[in-house]
Amino acid sequence: MTKFTDLKLHTKVLKAIADVGYETPTPIQAGAIPPALEGRDVLGIAQTGTGKTASFTLPMITLLNRGRARARMPRSLVLAPTRELAAQVAENFDLYAKYTKLTKALLIGGVSFKEQDALIDRGVDVLIATPGRLLDHFERGKLILSDVKVMVVDEADRMLDMGFIPDIERIFQMTPFTRQTLFFSATMAPEIERITNTFLSNPERIEVARQATTSETITQAVYELPSAGRDTSKKKRDFLRQLIDQEGEKVTNGIIFCNRKVDVDVVAKSLKKYGHDAEPIHGDLDQSYRTRTLDGFRNGDIRFLVASDVAARGLDIPNVSHVFNFDVPGHAEDYVHRIGRTGRAGRSGSAMMISTPKDEKLLAAIESLIESTIPRGETGLVKPSKAEPEKVEAKEDKPTKSRSRSRSKPKEAEPKEAKQEAPIETKDAAPEPKQDAKPAPKREEKRDDKSREEKRARGGRGRGRNEDRGPKVVGLGDHMPDFIAQSFEERRTD
């Protein structure tokens with residue numbers, strides 16, 4: 001069995017690895033580190049949670065241990081699709097480079113340009129950035145990429161989903177042709193393969209698992225709920241809480257994935273109202289809040305993390321017992337990455353997904369991708385009484401609307417009954433001239449009122465008595481006021 005001591009890493013790096021407690025590398029690490037230390041390009045394909053971050057940080061630290069960076073000219077570059085993933089790479093670098101003198105800078109949104117510029121001006125050995133913020137610094141003339149010796153692209157398939165591929169191609173063109181490139185992805189779409197063929201030189205391809213496969217340590221289940229029209233989202237929230245209550249103490253912590261950011265906020269608020277410790281995280285939240293939320297979830301202060309796909313890729317969140325897919329993901333590959341948050345490092349995990357009839361095609365695409373049928377769970381295992389959901393919903397999801405409905409129902413029922421009784425009586429009692437004659441004068445009165453209001457607005461006679469209403473009001477366009485004429489006459493006399 002291969003150990004880290006067999007991979008020719010620097011002694012300072014091996015000392016940091018020993019402090020963490022790791023002895024045996026993962027398959028992707030054992031396959032990618034040796035060619036990376038030889039200076040070759042690497043194309044690593046592995047599912048999430050297999051240790052891809054250490055596969056490039058460990059050889060980078062070893063290669064960059066000699067030399068010194070110059071101002072605004074980083075010696076290596078790591079590109080990550082999201083702020084959280086970039087921050088995680090920075091944490092791994094600090095962990096494994098603590099016995100070296102290498103420096104780093106993190107360029108992500110939500111942090112002031114001045115602080116980042118100050119770090120770049122001092123000179124950094126490792127620059128970790130998201131593509132957008134990196135290009136912002138470059139266009140402002142604060143960054144020079146001509147001295148990059150090692151370039152890493154992490155989670156390339158996620159870059160493709162987020163529309164970063166044109167930026168990645170532009171960044172590649174700004175770096176030297178002689179650079180070493182380490183390219184990692186969970187899947188290989190045609191666009192990504194085109195980039196690897198263009199910018200990588202005879203790469204060493206390491207594929208430790210079949211593309212888009214799920215871990216065998218994860219217990220999967222899908223619960224098919226019937227459609228409920230506008231109340232479908234409410235039914236799904238109710239059933240989600242039932243699943244959590246059914247699992248009980250088995251759920252030490254869990255991530256709940258939603259397709260839309262709006263649903264992330266709604267589901268998190270719903271869980272909070274029912275006493276569950278839950279916090280939302282998505283791209284529209286402030287970076288400081290997202291960082292605090294992730295730290296609280298890692299530390300165990302937060303039990304449930306309600307997230308969009310921003311948390312599905314690459315985040316190192318250990319010991320996640322459950323993953324709940326509140327929505328069936330729109331892309332089949334996202335299902336693999338979502339449930340990959342649990343069952344990491346050989347641990348067991350559970351992945352549960354809620355679907356509706358409209359998700360049939362998406363569910364079929366997922367099963368086709370993973371080449372297996374997801375077991376169906378019984379939706380009737382936990383059935384509260386009919387009265388309970390109504391009370392719960394009134395308290396939690398829409399308290400004001402539910403109260404207004406309860407008050408308005410008797411009022412709405414009365415006119416409906418009256419309308420239904422009226423035609424029945426008319427059939428039995430033949431024609432009723434009185435009822436037909438009543439609406440006519442009401443309409444005439446309304447018309448008379450309207451005509452009177454129009455006449456009053458025009459300054460006409462409202463009731464036919466001119467002497468009672470006073471003289472007709474005339475605007476400046478209809479006549480010349482007396483005071484203007486008098487002023488002209490006085491000037492003429494002078």
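This report describes selected features of a predicted model.

## Basis of the model

The model is predicted, with local features needing a pLDDT of at least 70 and side-chain atom pairs counting only at pLDDT 80 or more, while totals for chains, interfaces and linings use all residues. Residues are numbered from 1 along each chain as its sequence is written, and side-chain values use heavy atoms, with hydrogens and water left out.

## Confidence

The chain has a mean pLDDT (the predictor's confidence in each residue, from 0 to 100) of 80, and 74% of its residues reach 70 or more. Over residues 382-446 the pLDDT is below 50, and this stretch has 25 contacts (heavy atoms within 4.5 Å) in the model beyond near neighbours in sequence. Where pLDDT is low, the predicted coordinates should not be read in detail.

Strand E1 covers residues 42-45; strands (E, at least two residues) and helices (H or I, at least four) are DSSP runs, numbered from the N terminus. In a regular strand the side chains alternate between the two faces of the sheet. Both faces of E1 are covered, with Val 42 and Gly 44 on one side and Leu 43 and Ile 45 on the other, all of them buried (under 20% relative accessible area, where exposed is over 50% and partly exposed lies in between, with a 1.4 Å probe and protein chains only).

E1 runs parallel to strand E6 (residues 180-185), to which four bridges join it, and it also pairs in the parallel sense with strand E7 (residues 204-207) over four bridges; two strands pair if DSSP finds at least two bridges between them. Ile 45 stands opposite Ser 185 in E6, and its bridge partner in E7 is Glu 207.

## The setting of Asp 125

Asp 125 is placed in the loop between helix H5 (113-122) and strand E4 (126-129), and it counts as buried because its relative accessibility is 5%. A polar atom of the Asp 125 side chain lies 2.9 Å from the backbone nitrogen of Thr 103. Leaving aside neighbours within four places in sequence, Asp 125 is in contact with several residues, including Leu 64, Arg 68, Lys 101 and Thr 103.

## A charge over a ring

The charged end of Arg 241 sits over the ring of Tyr 274, 3.8 Å from its centre; a charge sits over a ring if NZ of Lys or CZ of Arg is within 6 Å of the ring centre and within 35 degrees of the ring normal. Lys 15 lies over the face of Tyr 99, at 4.4 Å from the ring centre.

Key
Polar contact = N/O pair within 3.5 Å; in protein donor to acceptor, adjacent residues only side chain to side chain.
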